[in-house]
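Welcome! Have the sequence and the model at hand, and try each task before reading its solution.

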Amino acid sequence: MIFLFAGHGGGDPGALGVAGRTESAETIKLRNAIVSYLPLGAKYQIDDDSDTLAKVLSKAKTGSGSVVLDLHFNASASTAASGVEVLVGDDAQANDLALAKDVLDAVVAATGLRSRGIKREGETPRKRLGVMRESGAVCLLEVCFISNAGDMTAYDAAMQTIAKRLADVLVKHDAII
C-alpha cells in the first residue's frame, strides 16, 4: 500500500518561501496532483491536512509491504541554496534506497534542478525524523528550495510532470514490495 504525506499540517505552515508561498500549501497541492495520477484501484492512504505529524503517524498503519513518501520543500536563509534531495533513515535498507533514488531521479529529470543526493536523517539538522520509523520503503522528498525563486519557477513549470513521475515511481515500488 502507498502512503503519501504532505509535510506540515495541523496549522504548521512549514517553511515560508518566495511570494509568500508556504510549504504546507505546496505539499498539499503536490500530494493531490500525485493522487490524481495514481491508477484506478491503487491502494493508497493520504494524510488529513489538519492533522499534526504525530496524528498522521499514529493513523498510518504501514507494514513491510508499504511504500511511504513524505513531501517537503527545503528552505534556506541563503536565496542561492538550490536543488533536490531525498532523505532516508539512518537504518535505510536496499528498498528504501531504491525508492529514494527513483524519487530523486524523477524530480531532477522533471525540473532540471541539481541533485543534492540522498542523505541519511542523521545528516539533517533535526538528526531524527518521525516518518523514518514507519515500516516498508520510506523516504522524505525535499522537492526544491521554496526560498529560491529559480527553484520555484522550475517546480511550477514541471509540477504536473513531477506528480505523474512520482505516481509512477510509487506504483512501481508498491508492486515490488
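This is a predicted model: local features need pLDDT of at least 70, side-chain atom pairs count only at pLDDT 80 or more; totals for chains, interfaces and linings use all residues.

Residues are numbered from 1 along each chain as its sequence is written, and side-chain values use heavy atoms, with hydrogens and water left out.

**Exercise 1. Find how many helices and strands the chain has, and in what order the elements run.**

Step 1: Take helices (H or I, at least four residues) and strands (E, at least two) as DSSP runs, numbered from the N terminus.
Step 2: Count them: there are four helices and six strands.
Step 3: Read from the N terminus, and the order is β-α-β-α-β-β-α-β-β-α.

**Exercise 2. Work out why the chain counts as being as compact as a globular protein of its length.**

Step 1: The globule rule is 2.2 Å times the number of residues to the power 0.38, and the radius of gyration is taken over C-alpha atoms.
Step 2: For 177 residues the rule gives 16 Å; the chain has 15 Å, which is close, so the chain is as compact as a globular protein of that length.

**Exercise 3. Check the span of helix α3 and find what covers its buried residues.**

Step 1: The expected span is 1.5 Å times one less than the number of residues.
Step 2: For the 18 residues of α3 (residues 94–111) this comes to 26 Å, and the end C-alpha atoms are 26 Å apart, which agrees.
Step 3: Buried means under 20% relative accessible area, exposed over 50%, and partly exposed in between (1.4 Å probe, protein chains only). Among the buried residues of α3 are Leu 99, Val 103 and Val 107.
Step 4: Their cover includes β3 (67–74), β4 (84–88), β5 (115–120), β6 (137–145) and α4 (149–176).

**Exercise 4. Is Thr 62 buried or exposed, and which residues is Thr 62 in contact with?**

Step 1: Locate Thr 62 in the loop between α2 (53–59) and β3.
Step 2: Its relative accessible area is 16%, so Thr 62 is buried.
Step 3: Contact means heavy atoms within 4.5 Å. Leaving aside neighbours within four places in sequence, Thr 62 is in contact with Phe 3, Val 68, Glu 134 and Ser 135.
Step 4: Compare sequence with space: Thr 62 and Arg 133 are 71 residues apart in sequence and 9.9 Å apart in space, C-alpha to C-alpha.
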